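User: Please examine the following structure and answer some questions on its side-chain packing.

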Amino acid sequence: MQLKVASSAPAARPDQLTALIDLRPAENLFKESTAREHPAWTDLERHRAQGELKSEYLAIGESPLLYLPAAAARYWTGHEQVRILAARAWEAAVARGAAQLVVLLDGPGGSQAAPMAAEGILLQAYRFTRYKAQAEAARRPDVTLVAPGAGINETRARVDRSVKLVEACNRARDLVNEPGSVATPAEIEARARKVAKSAGLKLVVLQKSQLEKEGYNGLLTVGRGSEVPPRMIVLRYVPPREVGERRPNIHLGLLGKGITF
C-alpha cells in the first residue's frame, strides 16, 4: 500500500473509492465544488435532500462515493472522529476490492485533518500476517489524501511524521502479537539493539544478577516461570550535551513471556 498527499483529486474511475468526511458545521474538511465534480455526487445529493444523513452512505455512479457524516462516529470528537471515519473509508475500500482510496480533504480544515486521516487508515490497515501464507493477504488499495494546495509541503511533512509514528506503533503491535515462544526477553533484547543502533539510542541491559542486586523482585518472581532469564532494557536518547539537562529514559522490563512497562 502506498499513501501520498496530493493537491488535486485524481480522475474518478470504477475501481476507485472516493470518501467525504463531513464534520460540518464544526469543521469544513472538503470543498463542495470538488465533490460536485464526482460522478456519484448527483446520487448523494438526491439522498441528502430527503433528510439529514446520520450514517454513512455509498453513492453509486461511474465511480463510488462514500459519504461519512460526523453522526456516523458520534461517540468521538474532533481529530478522533477523523481517524475513525478515515478507518471506515479504508475498510469500505477493501470490502469493494478498490485499487485506490481517495479522501477529499481540500477544504479549510483539511491540512490539519490529513495527518489524522493517515493515522486512522494505517492503524486500521495493520495486519499481523507473519505466519500466514501470501495467498491469504487481502488486497490493499493505495491511498491518496487530497489536501489544500496552499502549504502542501508542510502538510506532507506532518503526514510523513504521522506515518512514522504509526509504523513505530505497528512494530510494537507485531511484538505483542508474537507467541511467547518467539517474543522471549532474549529476542526482544536483540530487536532493541537493532532499534538502538538505527536510531542512535544508548542501550543498557540489566541482566538477572543486576536485577537481583537492584531489588527488582516482582520482575524476578514472574520471570522464574520461564527458561529464559528476565532482563530490563533501558533505551536512552542522548542529545548534544547541555549543562543541567535531564534526559528521559525508556525502561522495558522483560519477563519470561512478555513485556511490562
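User: Leaving aside neighbours within four places in sequence, which residues is Q81 in contact with?

Analyst: This is a predicted model, in which local features need pLDDT of at least 70, side-chain atom pairs count only at pLDDT 80 or more, and totals for chains, interfaces and linings use all residues. Residues are numbered from 1 along each chain as its sequence is written, and side-chain values use heavy atoms, with hydrogens and water left out. Contact means heavy atoms within 4.5 Å. Beyond the excluded neighbours, Q81 is in contact with L23, A70, A73 and W76.

User: Is Q81 buried or exposed?

Analyst: Buried means under 20% relative accessible area, exposed over 50%, and partly exposed in between (1.4 Å probe, protein chains only). The relative accessibility of Q81 is 10%, so Q81 counts as buried.

User: How is the pair of Y75 and W76 classed?

Analyst: Rings of Phe, Tyr and Trp (its six-membered ring) pair if their centres lie within 6.5 Å; planes under 30 degrees apart count as stacked, over 60 as edge-to-face and the rest as tilted. Y75 is exposed at 65% relative accessible area, whereas W76 is partly exposed at 31%. Their centres are 6.4 Å apart with 75° between the planes, and the pair is edge-to-face.

User: What is the angle between the ring planes of F128 and Y131?

Analyst: F128 counts as partly exposed, at 22% relative accessibility. The ring centres of F128 and Y131 are 5.9 Å apart. The pair is edge-to-face because the planes lie at 65°.
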